[in-house]
Amino acid sequence: MSQSLHNAVKGATTKMRHATGKLFARITATKENEALTQAPSLPTTQVNNESGGESDAILDPISALSFGSPAERTESQGKPPVKEFLAADTIATKATAVNAKKYYGAEGKEYFSEAEAMNDVNYFSIKGFSLSYFHELVEQWGGREALAGMTTSDICNDKIKPATASSGLSLSAQLYFEQPALVKDAQWFVSHAWSYLFLDVLEALDLFCESSELDPATTHFWFDCMTVSQHQSGMATRNFNWWTTVFKNAVETIGNVVLVMQPWDDPKPLKRSWCLFEIFTANVTNSTFKISMPAAQRSVFLQTLVEGGAVKYYDVLLNINVEQSDATVKADRDQILKLAIDFGLTNLHQSVFVSISDWIVNAMEEQLLQQQDELGKTKWTNALADFQRQLGNYDKAEPLYKACLEYTRETVGREHPATLACINNIAGLYESQGKFQKAEPLYLECLDASIKILGKEHPDTLISINNLAALYKSQGKYDQAGPLLVQVLEVRETTLGQEHPDTLTSINNLATLYESLGNFEKAEALYVECLHGRQKIFGAEHPETLTSLNNLAGLYESQGMDGKAEPLHVACLEARMKLLGKEHPDTLASMNNLAILYKHQGKYDKAELLYGECLDTCIKTLGNVHPGTLVSVNNLAGLYIAQGKHDDAELLFKNALDACKTAFGNEHPDTVLCMENLAALYKLQGMVNKAEPLLVQSVALKEKILGQWHPDTMASISNLGAFFTSQGKYDKAEPWFVKAVDAHIKVYGKEYSDTLICMNNLAFIYESEKKYHQAEQLHLAALEVRIKMHGKGHPDTQASKQKLAVLYLAQGKYAKAASLSKV
């Protein structure tokens with residue numbers, strides 16, 4: 001009757017969480033939000049699908065300060081800041097100098113005519129052939145049938161090299177002298193993989209010219225196998241600084257780059273050193289960057305985009321890694337990697353990411369403009385919103401989602417499944433931004449309508465219930481989340497059976513809630529049930545099964561049951577190494593978890609070995625400033641602190657901070673996170689004069705970057721208040737705690753655990769300053785909320801009574817203190 005709006009995203013995504021007053025806090029990876037379903041003819045919609053919750057990577061703070069967490073990745077919409085490729089003394093003359101009568105070749109060799117330059121195999125020209133001439137060559141070489149199955153590399157070896165053997169020149173240089181009318185300055189630089197079929201490359205260029213309204217007879221392309229001499233032994237024969245200077249200037253002079261890319265879901269150019277370098281060069285020279293594909297690939301690509309595939313493509317882009325790329329000539333790859341390291345791997349990866357993601361956005365916008373009917377427009381609008389959300393561009397995603405909602409309400413009504421899916425998307429967007437007060441009424445609206453039109457047991461209704469429960473759980477409203485999770489589980493057990501994957505996911509989600517509540521006995525029973533169910537359905541080494549194994553190990557560890565936790569962590573790590581490989585994020589998470597266990601056991605040598613291996617692998621696969629790498633840096637530094645190696649810890653934190661400043665600048669969440677970590681170390685060492693300016697600066701930066709009401713900003717404000725409190729500077733602490741209380745009440749309301757903690761902190765300050773009336777009002781308000789949330793006998797409620805009683809006793813109000821026993 002209905003179909004999924006988006007294929008479930010499997011696996012676990014990592015979210016940093018705060019660690020207030022704990023030795024460590026696990027980074028949970030629950031995917032508790034789910035995608036709604038809809039009629040096939042309506043637009044697809046993306047909200048994270050629930051999956052096995054997992055306590056995977058572990059953030060191991062070094063003090064009671066909450067470290068905060070990096071905001072979700074937001075790619076720059078412009079070109080990232082870059083630095084010059086070469087040293088000042090490097091020759092940086094353009095490949096061709098139209099006005100100057102000079103041309104430059106290898107090692108700055110000077111030519112006094114273009115003909116003299118073209119006659120030198122070391123001269124790097126920007127000449128090219130028209131697309132029409134490419135097709136003439138196809139006929140000269142025997143026609144399409146004769147070339148079928150031949151790659152560009154085959155064409156080079158079988159056709160171009162024999163034709164240019166006598167001169168040793170490139171094909172374009174040879175024809176420059178033999179048929180000069182064929183050779184013109186190129187207007188487009190072609191980036192491609194040599195393993196592509198040559199005819200596929202031509203087809204992609206044909207479509208590119210057609211879609212760009214370019215005349216194939218007058219549009220000339222720089223195509224490396226034809227415009228660079230194929231009788232040279234590769235880049236290693238030339239000075240690399242000169243090569244990159246000339247190459248950069250050639251691309252800049254041409255001014256336009258087209259990347260031939262296929263297959264769409266695993267593009268070869270993103271694994272080739274030269275292609276990555278060419279995309280990067282296009283970016284830093286501000287050249288126009290386009291992508292083209294053969295017709296069949298383009299059709300599948302566009303269809304997949306409108307059906308939500310842009311989100312999958314985002315994952316493809318995240319896996320770009322020049323260190324794992326390849327080149328036909330190994331020396332080329334080594335030289336490109338050296339340049340990338342010198343320039344900054346993160347800069348190169350980000351540059352490629354931005355270039356391709358910008359092109360995807362432009363391609364989607366073009367398709368949107370081409371749609372003739374409202375339904376088609378809505379489908380593409382929704383797909384574009386999904387991708388913008390994935391990029392972290394929430395301000396751009398929100399109006400697009402709202403446009404979809406307006407259309408569905410007008411065309412199919414307020415209670416149609418497609419309309420509810422749009423509401424669900426907007427709610428999920430708000431939740432991603434920490435705008436819980438905006439998300440909740442939308443989730444409630446979606447749920448009420450689902451119950452009305454679909455019934456309480458419909459899969460979409462259960463998804464809405466689950467999403468609302470996830471929102472409550474993320475706010476610490478466990479009393480509201482619990483009954484909803486139980487309800488979903490009971491219905492799924494009845495309708496799907498106890499061993500259905502969705503039922504097991506619900507069991508897992510409820511277990512995580514019980515663990516958060518400290519109800520370890522119930523949590524253990526559910527984790528064990530989920531583990532056994534997944535072992536039976538998927539097998540012992542399936543990723544879902546290993547997720548359950550990891551969760552159970554984490555539960556045992558949180559109870560201090562190291563004897564039970566260790567063999568599970570070891571088994572999980574060994575299975576992931578075997579199944580996923582050493583460099584997979586899940587494997588690194590298991591390695592990290594086991595290291596933390598060893599640290600807590602005092603087995604520092606074992607812990608350091610694992611932490612070091614984890615960090616080395618993260619740097620290799622993710623780069624120096626990836627959030628996962630920063631977590632590893634933080635954890636290794638925490639181990640050094642436990643060992644008393646403060647100097648080693650400080651060096652790690654400083655290096656991480658410098659790397660983030662270089663890659664992202666001062667005003668980036670990851671930079672601020674490193675700043676806070678360094679401040680926490682200084683505080684631990686008693687260097688409060690060094691810690692204070694860093695903490696004050698981090699609050700100011702978070703307010704500017706994330707906004708005053710973002711959870712990370714509020715955490716930093718609370719931490720600054722705690723910092724001044726620890727020094728007895730209550731007058732300095734007070735305004736920060738006032739600010740924290742106001743922010744938490746505005747964003748979360750009073751019935752939220754962190755709000756109550758902030759109120760308690762401020763009450764303590766008032767007591768210390770002998771502002772007893774203000775302290776009493778806060779304690780009374782907190783007590784009233786806890787009675788409402790938990791009941792009179794709950795430990796938290798009793799703790800609030802005790803604090804209020806102590807306040808009364810300090811003032812000599814013994815009768816009031818005694819009366820609290822009756823409350």
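1. In E11, Val 258 is the bridge partner of Val 190. Strand E9 (residues 188-191) pairs with E11 in the parallel sense over three bridges. Two strands count as paired if DSSP finds at least two bridges between them.

2. This is a predicted model, in which local features need pLDDT of at least 70 and side-chain atom pairs count only at pLDDT 80 or more, while totals for chains, interfaces and linings use all residues. Residues are numbered from 1 along each chain as its sequence is written, and side-chain values use heavy atoms, with hydrogens and water left out.

3. E11 also has a partner in strand E12 (residues 288-292): the two run parallel and are joined by five bridges. In E12, Lys 290 is the bridge partner of Val 258. From E11 the chain passes through helix H9 (residues 273-284) to E12, a right-handed β-α-β crossover. Right-handed means that, with the strands pointing away from the viewer, the path from the first strand over the helix to the second runs clockwise.

4. How many residues of strand E11 are buried? Five of the five (residues 256-260), so the strand is largely enclosed by the rest of the structure. Buried means under 20% relative accessible area, exposed over 50%, and partly exposed in between (1.4 Å probe, protein chains only). In a regular strand, side chains alternate between the two faces of the sheet. In E11 both faces are covered: Asn 256, Val 258 and Val 260 are buried on one side, Val 257 and Leu 259 on the other.

5. The whole structure holds 23 salt bridges. The criterion is a side-chain nitrogen of Lys or Arg within 4 Å of a carboxyl oxygen of Asp or Glu. Glu 114, Lys 127 and Asp 185 form a network of such bridges.

6. Lys 452 and Glu 415 form a salt bridge, with their closest N and O atoms 3.0 Å apart. The pair links distant parts of the chain, 37 residues apart: Lys 452 is in helix H16, Glu 415 in the loop between helices H14 and H15. Lys 452 is exposed at 61%; Glu 415 is partly exposed at 33%.

7. Glu 703 meets Lys 739 in another salt bridge (2.6 Å, N to O). Helix H28 carries Glu 703 and helix H30 carries Lys 739, 36 residues apart.

8. Lys 771 and Glu 734 also form a salt bridge (2.9 Å, N to O). Lys 771 lies in the loop between helices H31 and H32 and Glu 734 in helix H30, so the pair ties together parts 37 residues apart in sequence. Glu 734 is buried at 16%.

Terms used
Helix = DSSP H or I, 4+ residues; strand = E, 2+ residues; numbered from the N terminus.
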